[in-house]
Amino acid sequence: MNDNLISVIMPSFLGVFPGAAPHRKEKFIRAVDSFLRQTYHKKELIVISDGCATTVDVCEKRYHTALQSKLIVLLQLPRHEPFTGAVRQQGIDIAKGSIFCNLDSDDLFLPHHLQNISATFDPKQYDWAYFNFYRSLDSLRNVEELIDAEPNTEQLCTANVVWRLGLDVTWNGCSGRQDNRAFNAQLIEKYTKRIKIYGCGY
């Protein structure tokens, strides 16, 4: 465990499956590049290749230096059923951080995302944090979605939560397209020491 190190978890299968978004390789590169551009430097990205040769190929060719420095860690697994929570959990199990968050392979972070987490979320004071944020069509400003009610599984998606090391929560058994709801329910039901973070753009 490394204090203040934020481990970012990214399962990746870039092949075709029912309901898969188009341009998955390009979105994967966009997502990884957004991690590398973070202004916060105590970070690692755990990329979990879910039986995907394309993920491995892109990482080894495009991100060779980041792999060598352990800024990016590539975990290669055999193919699972789509949206199997155990894939994400295996990435968490090898992570070295004291704080965890998710970055899906078709998503991206705005540049100060991890910095805002670090500045607001104290794992000695809170068990987990949540945030709701969307990007405005106006590229000159970001509009914060002000949801201050108690969080629930309908509001929170995979990218909306951050949690500390040592909680009694797991992604094992959280499977299917709504896998995040089963995981987030564990946070909500078991841990009341939480805080909302503003300005965590993604």
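Two strands pair if DSSP finds at least two bridges between them. Helices (H or I, at least four residues) and strands (E, at least two) are DSSP runs, numbered from the N terminus. This is a predicted model, in which local features need pLDDT of at least 70, side-chain atom pairs count only at pLDDT 80 or more, and totals for chains, interfaces and linings use all residues. Residues are numbered from 1 along each chain as its sequence is written, and side-chain values use heavy atoms, with hydrogens and water left out.

**View A. Strand 1 beside strand 2.** Strand 1 and strand 2 (residues 43–50) run parallel and are joined by seven bridges. Opposite Ile9 stands Ile46 of strand 2.

**View B. Strand 1 beside strand 4.** Strand 1 covers residues 2–12 and pairs with strand 4 in the parallel sense, over five bridges. Val8 stands opposite Cys101 of strand 4, and Ile9 has Asn102 as its bridge partner there. Eight of the eleven residues of strand 1 are buried (under 20% relative accessible area; exposed is over 50%, partly exposed in between; 1.4 Å probe, protein chains only).

**View C. Strand 4 beside strand 8.** Strand 8 (residues 161–164) runs antiparallel to strand 4, and three bridges join them. Here Ile99 stands opposite Arg164 of strand 8.

View D. Strand 4 spans residues 97–102, and six of its six residues are buried, so the strand is largely enclosed by the rest of the structure.
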